[in-house]
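Let's take a walk through this model together, one region at a time. Keep the viewer open as you read.

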Amino acid sequence: MAGPKATAAFEQALQLMPGGVNSPVRAFKSVGSTPIFADRGEGPYLYDTDGQRYVDYLMSWGPLIWGHAHPEIVQAIRSAAERGTSFGLPTELETAMAQKVIQLLPSLEVVRMVNSGTEATMSAIRLARAATKRSYVVKFVGCYHGHADQFLVKAGSGVASLGLPDSPGVPKEIAERTIAIPYNDIDALRDLFLTRGEEIAAVIVEPVAGNMNCVLPRPGYLQAVRELTRSYDALLIFDEVITGFRVGLSGAQGRFGIQPDLTTFGKVIGAGLPVGAYGGRRDLMEMIAPSGPVYQGGTLSGNPLAMSAGLVSLNMLEQAANDGLYERMEQYGNQVVEQFLRLGQARGLPVYGHAIGGMYGLFFHEGPVYDFADVCTSNVELYVQFFHSMLAKGVLFAPSAMESAFVSAVHTETELNATLDAMERAFAELK
Ligand code: PMP
C-alpha cells in the first residue's frame, strides 16, 4: 500500500503526466491502488519514498539482472560520464559492444544499437518488409512488442492489463497488416500460411512469452515456427527483449537451439540504461542505412553510458554463466513457484507456475497455461490480493497479473527465505 509520501507525490504527478506516469503499468491501476514511489535500490532491494524496503522481483521490468546499483556497473557509468555523455560520432565502445553481443548470440552476424525495445522491434519489421517485399506481419495474441503502431494489435503487457484490446490512433490500414493468432498453436500458424503464406513478411514471437505473465513454448513449437517460416520464405524474428541474456547467456534461441533470421533486444542488454538492439543475418542487416536503403537512425543510439554499462554487465554475465548463474536463478524461481503451488494447493486454490532462467510466472489458474486465452481465465482478484499482501510484507511483484517475475544474480538465500516466509503469511490472508 502506498504510504503518505507516495500518495501526495502521485496526486501531484496526476496533474502533470497522463495517469501520473511515464509508462502505463506503473500507475498500479491493474491492482486497484495508487503506486509506491521508488527512492533508491540496492542489490535485490528497492526502497520506496515512504521508507519501506522490498525484495524486488519487478527489477525495473527485467533489465536489472545484476540488481540495483551494482558497484561495477555504477563505476562503468561514472567513468563513461566523466568522458562525455554523448558524441554523435562513432566510438570504440560501440564496436566492443557489437562484438560481445555477436559473440554471445550465434544467429547474429551484424547488430545495430537503438534506444529501446520498441525501436528495435519497429526497425526489425521495417527491415523484414523491405527484404521480403511483403507487408503482412504475424504476431501472437498476448505477446507485446513495444508500442509502434503495427504491434498494438491484441497485445499483452499494459495493453492487456488495462483491458485495452488495441489502440485508437492506429490507422485501420496499418492494424490490418498485422495478423494476430494464438501463441503455442502451430496449426493456427500452418493454416494461416496455407492461405496467406506468400503475403507474410515476418513472424515475430516472444520465444518465452513474458507479457502475459510468463508462458513457456510447448515442446517443439518454436522449431515448427522456424520450419514454417523458412518454407514460405518469411522471416522469423525472435523478440528477445525480455528473454535475451535472461533465460540463458545466448537467450531463448540458445536455450531452444533455434536460429531466427532477426533478433530484437532491450532490457538486460543495457543493465538499466535506455538501450535496445536488433541484429541477425548479414545479408539482411546490410540493407540498413548507410549500407543499404532501409532507413533507421538515432541521435543517442550507441550512447557511451549505455554501452559501458551494457558491456560490463554482459562480461560479468559471461563469467557468471560459467559458474552456473542461470541454473541458480532458475532454481531460485522454482523454489518460489514450489512454495506458491504448495500453499495454494493446501488451500484448494487454483495455482500454477514455472521458472526459466531468471524469470518465473505465478498464476492463480487451474492447470497449465499455453496462451492468452488461458491466462485470461486465471483469477485476477486473487492475484490482486496476493500482490498487496506480499507488498505489505516487503516483497514487490509486478503490479499486474499479466507480467512475469524476475530474479537477479544478486538475490540470495536470505531474500528467498524472506519471500517464502512472506508467502506463507500472505496465503493465510487470502479470501
Ligand atoms: N518487446 C518485448 C518482448 C517487451 O517485453 C518490451 C517491453 N516490455 C518491448 C518489446 C518494448 O520495449 P521498450 O519498453 O523498451 O520499448
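## A proline in a loop

Proline 399 is buried, because 24 other C-beta atoms lie within 10 Å, and the cut-off for calling a residue buried is 20 or more. Keep in mind as you look around that this is a predicted model.

You will find proline 399 in the loop between β13 and β14 (405-406). Leaving out residues up to four places away in sequence, proline 399 touches Val25, Phe28, Ser30, Val31 and Phe387.

Which strand partners β13? That is β3 (residues 53-56), which runs parallel to β13 and is joined to it by two bridges. If you want a pair to click on, the bridge partner of aspartate 56 is leucine 396 in β13.

## A covered strand

Now turn to β5 (residues 136-140), where five of five residues are buried. Both faces are covered: Tyr136, Val138 and Phe140 are buried on one side, and Val137 and Lys139 are buried on the other.

β5 has parallel partners to look at. Four bridges join β5 to β6 (residues 178-181) in parallel, and valine 138 stands opposite isoleucine 179 in β6. With β7 (residues 200-205), β5 pairs in the parallel sense over three bridges, and here tyrosine 136 stands opposite isoleucine 200.

The domain assignment divides the chain into domain 1 (4-69 + 325-429) and domain 2 (71-321). Taken over C-alpha atoms, their centres are 25 Å apart. The contact takes 33 residues from domain 1 and 39 residues from domain 2.

On the side of domain 1 that touches domain 2, α12 (325-346), β11 (352-356), β12 (359-363) and α13 (372-376) each supply at least two residues. β12 gives the most to this side, with four residues. By class, the residues on this side of domain 1 are 21 nonpolar, nine polar and three charged.

In soluble globular proteins, nonpolar side chains tend to be buried together. Here, the largest nonpolar core has 127 residues, and Ala128, Ala202 and Ile237 touch the most other members. Helix α11 (residues 304-322) gives the most to this core, with eight residues. Domain 1 and domain 2 each contribute at least three residues to the core.

Which residues does isoleucine 237 contact, leaving aside neighbours within four places in sequence? They are Ala124, Ala128, Ala202, Val203, Ile204, Pro260, Asp261, Leu262 and Thr264.

## Around the ligand

Last stop: the ligand, which is surrounded by 17 residues, the closest being Ser116, Gly117, Thr118, Gly146 and Val241. Helix α4 (residues 117-132) gives the most to this shell, with three residues.

What is the make-up of the shell by class? There are 11 polar, four nonpolar and two charged residues around the ligand.

Note on methods: Residues are numbered from 1 along each chain as its sequence is written. This is a predicted model: local features need pLDDT of at least 70, side-chain atom pairs count only at pLDDT 80 or more; totals for chains, interfaces and linings use all residues. A residue is near a molecule or strand if its C-beta atom, placed from the backbone, lies within 6 Å of it. Ala, Val, Leu, Ile, Met, Phe, Trp, Tyr, Cys and Pro count as nonpolar, Asp, Glu, Lys and Arg as charged, and the others, Gly among them, as polar. Two strands pair if DSSP finds at least two bridges between them. A nonpolar core is a set of buried Ala, Val, Leu, Ile, Met, Phe, Trp, Tyr and Cys residues joined through C-beta atoms within 7 Å. A residue is buried if 20 or more other C-beta atoms lie within 10 Å of its own, exposed if 12 or fewer, and partly exposed in between; C-beta atoms are placed from the backbone. Domain bounds come from an automatic or database domain assignment. Two residues are in contact if their C-beta atoms, placed from the backbone, lie within 7 Å.
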